[in-house]
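Dear colleague,

Please find below the structure that I am handing over to you. My notes on it follow directly after.

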Amino acid sequence: MSRQQSDHDYNLRSMSNLMGERRKKVGDGGERSLIKTPSNASISSTGAPSSTAAAPAAASSSTGDLERAARKQFQRDVTPGFIYVLAAFSALGGFLFGYDTGVISGAMLLLKKELNLSALWQEVLISSTVAAAALCALLGGFLNGLLGRRGCILLASCFFTVGGIVLSAAPSKEVLLVGRLLVGVGLGIASMTVPVYIAEASPPHLRGQLVTVNTLFITGGQLTASLIDGAFSYLQHDGWRYMLGLSVLPAVLQFLGFLFLPESPRWLIQRGLTQKARRVLSQIRGNQNIDEEYDSIKNSIEEEEKDCGGGGRHQHGASQSRGVDVVIDSVLYAV
């Protein structure tokens with residue numbers, strides 16, 4: 001009896017387990033049927049209105065993209081020649097950097113004999129210009145914010161001119177050192193300001209090309225310095241005066257040119273001179289529409305001021321750091 005009873009209990013438990021598994025399968029199937037993906041017909045029927053509504057928006061977006069592309073292409077085609085003149089006069093600062101750092105190597109061959117220079121004085125005269133340029137870059141942000149890009153380049157041209165005159169007329173090594181220091185101050189200001197000015201005045205599609213013109217002019221200045229050194233190396237007496245004094249010519253040319261060139265539109269907007277900034281943009285962009293570029297510059301300045309929480313200090317620090325980097329890069333390139 002007990003064995004029959006146990007078999008009966010075992011059969012009941014097995015049937016119960018089977019019924020439970022069937023119920024679970026039915027329940028899972030019901031849940032899957034409830035969340036089953038809609039049919040293709042339902043997708044097509046429900047998606048038709050949304051696709052119809054999205055069509056005008058897509059067409060409008062593509063039309064706007066075409067208009068912007070056409071505007072950019074038009075700007076590339078009608079870039080005024082004035083911007084190239086501006087970049088060339090600006091890059092004269094790079095030419096002077098290459099010339100004044102390169103010409104001293106040939107002039108020193110004559111100087112050490114004529115002025116009886118010791119090894120220490122030779123090192124001081126050669127390195128003083130680069131040292132003055134690096135130290136002057138520390139004031140770059142302040143000078144750019146105070147005087148503007150155009151004002152800084154005019155100031156650098158004055159230092160170049162006065163320094164070149166002092167060098168060509170120096171009666172002693174002490175006066176020669178003063179002239180080298182003056183030239184170094186001009187180099188520091190110009191090297192820090194010229195790339196910034198070209199970048200801020202250039203149209204976006206030419207910005208990279210025109211900024212590299214400054215580097216090209218540095219190389220041209222070094223080449224010209226080598227040619228001038230070779231040309232006047234046969235003058236054993238006062239030949240070095242011509243070598244060092246000829247830097248006055250490009251400095252004066254740059255000064256005269258910048259009397260007629262405009263200020264950076266970005267600096268004018270930073271100073272709140274919005275109407276003058278629009279006039280400058282119209283001058284350097286010709287007949288192009290300047291509203292989009294003006295708004296872009298203004299928005300970028302506002303975002304910078306908002307991010308830093310103290311716009312003036314941030315702009316001063318950023319400009320100063322950028323000036324130091326430019327001078328260091330130029331020094332390394334020249335060496």
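Are Y197 and F258 buried or exposed? Both Y197 and F258 are buried, where buried means under 20% relative accessible area, exposed over 50% and partly exposed in between (1.4 Å probe, protein chains only).

Please note that this is a predicted model, in which local features need pLDDT of at least 70, side-chain atom pairs count only at pLDDT 80 or more, and totals for chains, interfaces and linings use all residues. Residues are numbered from 1 along each chain as its sequence is written, and side-chain values use heavy atoms, with hydrogens and water left out.

Aromatic pairs

Rings of Phe, Tyr and Trp (its six-membered ring) pair if their centres lie within 6.5 Å; planes under 30 degrees apart count as stacked, over 60 as edge-to-face and the rest as tilted. The count by this rule is three aromatic pairs. One of them, F95 with Y99, is stacked, at 6.4 Å centre to centre and 15 degrees between the planes. F95 and Y99 are four residues apart in helix α3 (residues 82-114), and so are separated by about one helical turn. Helices here are DSSP runs (H or I, at least four residues), numbered from the N terminus. F95 is buried at a relative accessible area of 18%, and Y99 is likewise buried at 3%.

Y197 and F258 form a tilted pair, 5.4 Å centre to centre with 55 degrees between the planes. This pair links distant parts of the chain, 61 residues apart: Y197 lies in helix α6 (residues 173-201) and F258 in helix α9 (residues 248-258).

Exposed residue

D307 is located in helix α12 (residues 291-308). D307 is exposed, with a relative accessible area of 68%.

Yours sincerely

Note on methods. Helices (H or I, at least four residues) and strands (E, at least two) are DSSP runs, numbered from the N terminus.
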